[in-house]
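Morning, everyone. I have one model to walk through today. Let me put it up.

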Amino acid sequence: MKKNLLLLLAFSFTCAHFSIYVNYPKTVFAVESAFSPIFLETSGTKEITSPTNLSVFYIKDESRTVIQENTIYALKLDNGFIFQNKPEILTSGKYREKVYFEIDEQNPSIAYLTIQEKTNDSDGVIEFRNLDVAPTKVSELDKDVFLSLSGSDTYDTIKVGTYKEAASTRKEIKIETLEGGKKPSATGISAPNRKLQICIDDEEYGTVTAGDNGIWNYVFPYKYSSFEAGTHTFTIGYYQGTEKPSFAVSQTFEIAEEAPKTTATVTFTIGDTSYNYDGRKGYMESPPFIDDNGRVLLPLRAVAATLGISSQNIVWDSTSQMIHITYQTKEGQSQTVVYKIGSNTATINGISSEMDTAPIIKDGITFLPLRPLLHSLGITDDNIQWDEDLLTVSYEAERI
């Protein structure tokens with residue numbers, strides 16, 4: 001059959017003229033009034049739960065109209081159903097041995113009937129036997145399935161059944177995992193290849209389709225805002241269009257109130273005379289740098305300021321080239337730290353420790369090695385981050 005150009009040629013039994021209909025690929029006709037006596041008839045409707053045989057239905061033509069050679073009609077299923085096979089076709093009257101049936105490869109919900117030879121002006125019947133139709137993943141439960149001649153929603157349409165749950169698919173849905181949080185995700189098991197509807201707090205948040213093994217996975221859509229603190233209910237059930245899901249199961253999850261942050265993030269950048277303290281900028285006379293030993297050195301007084309240690313607590317002895325730092329820990333203990341310019345030894349509360357690089361004075365500013373300095377002022381390694389690509393060092397300090 002040639003699908004690029006479909007022609008309907010017909011004579012009305014009341015008129016001498018004929019009409020020509022031109023159709024482009026994948027477009028379906030509606031038949032005009034000259035064909036109004038043509039209608040569909042079925043031997044009965046049924047509950048459809050799986051691939052289903054339509055048994056017998058007919059196209060009856062009592063118009064006594066001549067049908068021209070290569071006239072094409074279209075049969076169309078709705079509600080997500082498709083044709084699965086070529087039926088046994090019995091023809092009588094003017095259609096005897098003139099009908100060819102073909103399913104559209106691109107859209108198997110449409111089949112084409114071609115009248116291959118010109119007919120006479122008698123009545124005629126096309127009888128279909130053993131035509132199988134099947135639901136797809138988009139079929140909706142409790143919806144009627146209609147078969148239409150020439151694709152029209154209002155012309156020669158019959159109800160062939162209602163799509164229901166098959167007993168074999170009424171499988172309990174299970175939620176195996178539920179990661180609550182502000183953007184929840186979940187996994188579980190249901191009937192295979194079934195479309196599932198997700199609701200959170202009785203509001204729909206999308207659908208998922210279970211795989212051949214019945215396993216489904218859900219991830220909260222990025223386009224929605226995250227949830228607030230409190231108790232929320234995750235619900236999943238079999239999709240039924242606009243209705244609430246069937247066989248739904250629910251599980252609650254909690255989002256705890258966030259405790260107020262008691263620390264501030266401090267960031268220094270190599271070569272930059274500004275630093276960041278909890279989103280605010282501070283400025284230095286000379287920037288951090290990397291010394292000949294490959295170690296990061298930070299300006300003492302700028303770091304001390306981010307930890308609430310004032311300049312009065314930092315004493316410089318120009319004769320001995322020594323720096324004395326005193327401060328109180330958050331537990332109220334007094335700490336004394338001593339550094340000497342050019343020396344790899346630091347003293348904390350009288351106890352000496354070795355460093356792999358020495359403090360120096362550069363541009364009139366005292367610089368100390370990154371980790372020894374921060375350790376001596378109460379910042380532990382788990383609160384220190386070095387980004388080699390951005391050349392930044394960050395640490396968490398108690399808010400001042």
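This is a predicted model: local features need pLDDT of at least 70, side-chain atom pairs count only at pLDDT 80 or more; totals for chains, interfaces and linings use all residues.

Residues are numbered from 1 along each chain as its sequence is written, and side-chain values use heavy atoms, with hydrogens and water left out.

Start with the three-stranded sheet. The sheet is open, antiparallel, and ordered β16-β17-β20. Strands here are DSSP runs of E, at least two residues, numbered from the N terminus. Two strands pair if DSSP finds at least two bridges between them. β16 (174-179) and β20 stand at the edges with a single partner strand each, so one side of each has no neighbour in the sheet. From one strand to the next, the twist averages 15°. For that angle, axes are lines fitted to C-alpha atoms, and angles run from 0 to 180 degrees between N-to-C directions.

Now zoom in on β20. Strand β17 (residues 185-189) pairs with β20 over five bridges, in the antiparallel sense. Which residue stands opposite V219? That is S185. V219 belongs to strand β20 (residues 215-219). Leaving out residues up to four places away in sequence, V219 touches P184 and S185. Contact means heavy atoms within 4.5 Å. Is V219 buried or exposed? V219 is exposed, at 63% relative accessibility. The cut-offs: buried is under 20% relative accessible area, exposed is over 50%, partly exposed is in between, with a 1.4 Å probe and protein chains only.

Next, the five-stranded sheet. This one is open too, in the order β25-β24-β23-β36-β35, with antiparallel pairing. β25 (280-283) and β35 (384-387) are the edge strands, each pairing on one side only. Here the twist averages 25° from one strand to the next. Inside the sheet, β23 (residues 263-269) and β24 (residues 274-277) share three bridges. T267 faces N276 in β24.

Stay with that region for a backbone point. The loop between β24 and β25 holds D278. Phi of D278 is positive, about 55°, although D278 is not a glycine. D278 is partly exposed, at 26% relative accessible area.

E97 is another non-glycine residue with positive phi, near 55°. Where does E97 lie? In the loop between β9 (88-93) and β10 (99-103). E97 is exposed, with a relative accessible area of 70%.

Now the β14 pairings. β7 (residues 71-77) and β14 (residues 143-149) run antiparallel and are joined by three bridges. K76 has S148 in β14 as its bridge partner. β14 also pairs with β15 (residues 157-163), antiparallel, over six bridges. There, V145 stands opposite G161.

Last, the surface. I290, W386 and L391 make a nonpolar patch of about 230 Å². Patch residues have over 30% relative accessible area and no salt bridge; like charges are joined within 9 Å, and nonpolar side chains (Val, Leu, Ile, Met, Phe, Trp, Tyr) within 5 Å. A salt bridge is a side-chain nitrogen of Lys or Arg within 4 Å of a carboxyl oxygen of Asp or Glu. Areas come from the Shrake-Rupley method with a 1.4 Å probe; for residues, only the protein chains shown count as cover. I290 sits in strand β26 (residues 289-290). I290 counts as partly exposed, at 39% relative accessibility.

Conventions
Helices (H or I, at least four residues) and strands (E, at least two) are DSSP runs, numbered from the N terminus.
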